[in-house]
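Terms are given with their cut-offs where they come up.

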Amino acid sequence: MTIHSSHPDIIARLKRAHGHLAAVLAMFEQGRSCLDLAQQLHAVESAVGNAKRELIHDHMEHCLVEGGEPTRDTLKELKQLTKYL
């Protein structure tokens, strides 16, 4: 696997999301309001979505664009990636 310069930032984002998710679980156990829970779950979902988007954009830039002229395989991979956006 190739490590890109954006990976440490993505890892940091996911670790923050992991911490937020742990906090949400604790909030459930404490019987917090549904509004508070929904708000925090939305924050976790957003953080994971942002990390995913960053990873996909980084991959498109470094692995597909910098590879030169698009090939049939790179176009196929790009199409596969779009389902995760």
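1. Helices (H or I, at least four residues) and strands (E, at least two) are DSSP runs, numbered from the N terminus. L21 lies in helix α1, and F28 also lies in helix α1. The protein has three helices and zero strands, and its pattern along the sequence reads α-α-α. The radius of gyration is 17 Å, well over the 12 Å that the globule rule gives for 85 residues, so the protein is more spread out than a compact globule. That radius is taken over C-alpha atoms, and the globule rule is 2.2 Å times the number of residues to the power 0.38.

2. On provenance: this is a predicted model, in which local features need pLDDT of at least 70 and side-chain atom pairs count only at pLDDT 80 or more, while totals for chains, interfaces and linings use all residues. Residues are numbered from 1 along each chain as its sequence is written, and side-chain values use heavy atoms, with hydrogens and water left out.

3. Overall dimensions: the C-alpha trace spans about 55 × 25 × 15 Å along its principal axes. The accessible surface comes to about 6500 Å², and 59% of this belongs to carbon and sulfur atoms. Accessible areas come from the Shrake-Rupley method with a 1.4 Å probe; for residues, only the protein chains shown count as cover. Of the 85 residues, 19% count as buried, where buried means under 20% relative accessible area, exposed means over 50%, and partly exposed is in between.

4. Contacts (heavy atoms within 4.5 Å): among those between residues at least 6 apart in sequence, 55% join residues at least 24 apart. As a point of reference for distance, F28 and L78 are 50 residues apart in sequence and 39 Å apart in space, C-alpha to C-alpha.

5. L21, L25, F28 and L41 make a nonpolar surface patch of about 370 Å². Patches are made of residues with over 30% relative accessible area and no salt bridge; like charges are joined within 9 Å, and nonpolar side chains (Val, Leu, Ile, Met, Phe, Trp, Tyr) within 5 Å. Helix α1 (residues 7–30) gives the largest share of the patch, three residues. L21 counts as partly exposed because its relative accessibility is 37%. Leaving out residues up to four places away in sequence, F28 touches L37 and L41.

6. Side chains of opposite charge can pair when their charged atoms come close. The structure holds two salt bridges, a salt bridge being a side-chain nitrogen of Lys or Arg within 4 Å of a carboxyl oxygen of Asp or Glu. D9 and R13 form one of them, at 3.2 Å from N to O. Both residues lie in helix α1, four residues apart, about one turn of the helix. D9 is partly exposed at 35% relative accessibility, and R13 is partly exposed at 25%.

7. R32 also forms a salt bridge, with D36, and the closest N and O atoms are 3.4 Å apart. R32 has a relative accessible area of 39% and so is partly exposed; D36, at 25%, is partly exposed too.

8. Which side chain of opposite charge is nearest to D58? D58, in helix α2 (residues 34–65), is buried yet has no salt bridge, and that nearest side chain is R13, 11 Å away. Lys and Arg count as positive here and Asp and Glu as negative; His and the chain ends are not counted. Apart from neighbours within four places in sequence, D58 is in contact with H4, S6, H7 and C63.

Terms used:
Buried < 20%, exposed > 50% of the residue type's maximum accessible area, 1.4 Å probe, protein only.
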